[in-house]
Amino acid sequence: MLKMLSKMAMCKSHGQDSSYFIGWQEYEKNPYDPLQNPSGIIQMGLAENQLSFDLLESWLARNQDVIQFRENGGSMFRDLALFQDYHGLQAFKNVLVSFMTEIRRKKVKFDPKNLVLTAGSTSANETLIFCLAEPGEALLIPTPYYPGFDRDLKWRTGAEIVPIHCYSSNNFRITESALEEAYEQAQKCNLTVKGVFITNPSNPLGTTMSRNELNILITFAMTKNIHIVSDEIYAGTVFDSPKFISIMEALIDRKLEKSKMWNQVHIVSSLSKDLGLPGFRVGMIYSNNETLIAAATKMSSFGLISSQTQYLLSKILGDRRFIKRYVKENKKQLIHRREMLASGLANSGIECLESNAGLFCFVDMRDLLKSNTFEAEMELWKKIISNVGLNVSPGSSCHCSEPGWFRVCFANMSKETLDLAMRRINNFVNSDKDICQNLRQQLSRSVTAAGSRRRSRTIANWVVKLSSGDGRTDR
């Protein structure tokens, strides 16, 4: 019988069966709404920044000519509606590189001719992999990493991902030995390694890479003669120290501008997280490699940004005074909302990885597991979705090397909704007998373990609360 569809169409390697995507599907069946569905599932698996939307809306209200595509008393509609080539509007590219420089504290200067516009960072990442790797060749990626990379980097390109295993014992930092082990594992599998792919700031950790980590990475890439791709779409969300260091800044600090490595480092950027505009689909590739930029520019014709979008955003980003205010206010909002989540979870005896960036926390729920297994993590995750009514992303979906970690987002909802989510988790921890028993067992083990005093106090406080029935009810 003649096949009617291609192998690509029938392929099941999209990654849609990941718990990350399944959680979204469960949310969509029963979405929380304060009026229409107050007992529904609260979406805490969406890394979306809605905290400073009021600033953007106020700017638009003050600049009606821009919305109406009017400039100097005349209409821009015809110019924007007619054909534009895939290089993008020069005015837009100019303000983009200025914005990229600004959020990197002017430590790096970007040239618009080295910039490729794409329809979101998903397209930018895939385009880069098409340029760097043949089907069957590999990228090394530190764990845990964004679940969508299994789709974005592998599905259509045919490239492979080899994990660089990182652990909580050093806050999931990259080490030289972890890089070497991943490289050796790739060789054992007869995979040619073409580069290391990092997310800085990290999704899902919410942390920035240290200068030492970046130097280890650069030295490793130089030794192996491979590329570095740095996904920096969360660069504008850094809200606390240590300050963000771009991979380009690390190269400049080592005076590598004239080295071979200068052409083997590539940055992905976006306005989805920094400005909270994922629906506008604005992504970017930046590279000093002229051949790569030429190829990526041609490929970008399969996923262009509309001229209307480019025009509107060029006006917003071109208002330097407004952008500085936006970045400043957005950081304040992120700090406050992150603290709301962390303190709310702490009231339930749950800790977060210390973070300084991103729209989420990496939450340590190992003490809530029945056993130290990924099966127990999935059991807890299902309870959190069905019993608690929260969609969070289990660490296993991010290829975390240890069970019991969850990515929990905080910037895509109102304060009231976040407060409700914290009440729900608090009530769950109070009422679940299995968790109560597990916390008692954790307390017993922690008391006898050296250097565990702080953790013991946290668990002990909750055993007292659980015993006394001191818990709030979700109403």
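Phe360, Phe362 and Asp364 point one way from strand S12 and Cys361 and Val363 point the other way, and all of them are buried. Buried here means under 20% relative accessible area, whereas exposed means over 50% and partly exposed lies in between (1.4 Å probe, protein chains only). Because 5 of the 5 residues of S12 (residues 360-364) are buried, this strand is largely enclosed by the rest of the structure.

The structure is a predicted model, in which local features need pLDDT of at least 70 and side-chain atom pairs count only at pLDDT 80 or more, while totals for chains, interfaces and linings use all residues. Residues are numbered from 1 along each chain as its sequence is written, and side-chain values use heavy atoms, with hydrogens and water left out.

## Overall composition

The secondary structure of the chain comes to 18 helices and 15 strands. These elements are DSSP runs numbered from the N terminus, with helices (H or I) of at least four residues and strands (E) of at least two. Of the 475 residues of the chain, 54% count as buried. Among contacts between residues at least 6 apart in sequence, 74% join residues at least 24 apart; a contact means heavy atoms within 4.5 Å.

## The sheet around S12

Strand S12 belongs to an open sheet of 4 strands with the order S11-S12-S15-S14 and antiparallel pairing. Strand S11 (351-352) and strand S14 (393-394) stand at the edges, each with a single partner strand, so one side of each is left without a neighbour in the sheet. Strands of a sheet pair through backbone hydrogen bonds, either parallel or antiparallel. Two strands are taken to pair if DSSP finds at least two bridges between them. The pairs of this sheet are set out below.

| Strand pair | Bridges | Sense | Residues standing opposite |
|---|---|---|---|
| S11 and S12 | 2 bridges | antiparallel | Glu351 and Asp364 |
| S12 and S15 | 5 bridges | antiparallel | Val363 and Phe406 |
| S14 and S15 | 2 bridges | antiparallel | Pro394 and Phe406 |

## A helix with one buried face

In helix H3 (residues 53-62), Leu55, Leu56 and Trp59 are buried. Seen down the axis of H3, these buried residues fall within an arc of 100°, so they line one face of the helix. The arc is that of the directions from the helix axis to the C-beta atoms. The cover over the buried residues of H3 includes helix H4 (64-67), helix H13 (307-318) and helix H14 (320-346).

Rolling a probe the size of a water molecule over the atoms shows where empty space is left. On a 1 Å grid over the protein atoms alone, a cavity is a set of points where a 1.4 Å probe fits but cannot get out, a pocket is an open set with protein on both sides within 12 Å along at least five of seven lines, and lining residues have an atom within 4 Å of a point. Grid points are joined across faces, edges and corners, and a volume is the space filled by probe spheres set on the points.

The structure holds 6 cavities of 30 Å³ or more, and about 190 Å³ of space lies in the largest cavity. This cavity is lined by 20 residues, of which Pro142, Thr199, Ser202, Leu205 and Met209 lie nearest its centre. Strand S5 (138-142) and strand S7 (193-199) are the elements that give two or more residues to the lining, and S7 gives the most, with 3 residues.

Met209 lies in the loop between S7 and helix H10 (211-224). With 7% relative accessibility, Met209 counts as buried. Apart from residues up to four places away in sequence, Met209 touches Arg173, Ile174, Ile198, Asn200, Leu214 and Leu217. The C-alpha atoms of Met209 and Pro242, 33 residues apart along the chain, are separated by 9.1 Å.

## The largest pocket

About 470 Å³ of space lies in the largest pocket. Its lining has 26 residues, and Ser121, Thr122, Tyr146, Lys273 and Arg281 lie nearest the centre. Helix H2 (19-29), helix H7 (121-132) and helix H8 (149-152) are the elements that give two or more residues to this lining.

Arg281 is also touched by Ser272, as are Leu277 and Pro278, not counting residues up to four places away in sequence. Ser272 is found in the loop between strand S9 (265-270) and strand S10 (283-287), and at 7% relative accessibility Ser272 counts as buried.
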